[in-house]
Amino acid sequence: MTFDLSEGMSREEVLARYEATLPRWRANADLIRKTYLYDPAGNRGGGIYLWPSVAAAKAAHDADWCRMAEETYGSAPRFDYFETPLIVENDVDES
């Protein structure tokens, strides 16, 4: 999921808005992982989410959430959905 940031939004502002969303995502029992994205050169933000299903992803990003995201960041979010057939976790201790 990506979105265009409001013109002039600083990195600090973006991170503060991201941090404000942490409780919501930590409380979502369906969310496996979220990685926040920030592209200052392209003036974009977003996230990569790992969900158990597309249905869970769509339920979390309903119309109310999309309106909130647009108000918070300055543009409507764009979604792409991918299957995740493999995941590499290099920082996991397998001993």
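**Entry 1**

I started with threonine 21, which is part of helix α1; helices here are DSSP runs of H or I with at least four residues, strands are E runs of at least two, and both are numbered from the N terminus. A caution for myself: this is a predicted model, where local features need pLDDT of at least 70, side-chain atom pairs count only at pLDDT 80 or more, and totals for chains, interfaces and linings use all residues. Residues are numbered from 1 along each chain as its sequence is written, and side-chain values use heavy atoms, with hydrogens and water left out.

Is threonine 21 buried or exposed? I found threonine 21 buried, at a relative accessible area of 14% (buried is under 20%, exposed over 50%, partly exposed in between, with a 1.4 Å probe and protein chains only). Setting aside neighbours within four places in sequence, I see threonine 21 in contact with Tyr36 and Tyr73 (heavy atoms within 4.5 Å). Its side chain also makes a polar contact of 2.7 Å with the side chain of tyrosine 36. For that term I need a pair of N or O atoms within 3.5 Å; within protein, one must be able to donate a hydrogen and the other to accept it, and residues adjacent in sequence count only if both atoms are side-chain atoms.

**Entry 2: the cavity**

Thr21 is in its lining, as are Tyr36 and Tyr73, among others. Helix α1 gives the most, with three residues.

**Entry 3: helix α3**

In α3, I noted Trp65, Ala69 and Tyr73 as buried. Seen down the helix axis, these buried residues fall within an arc of 45 degrees, so they line one face of α3 (the arc is taken from the directions from the helix axis to the C-beta atoms). What covers them includes β1, α1, β3 and α2. Just after α3, I found glycine 74 with a positive phi of about 105 degrees.

Technical notes:
On a 1 Å grid over the protein atoms alone, a cavity is a set of points where a 1.4 Å probe fits but cannot get out, and a pocket is an open set with protein on both sides within 12 Å along at least five of seven lines; lining residues have an atom within 4 Å of a point.
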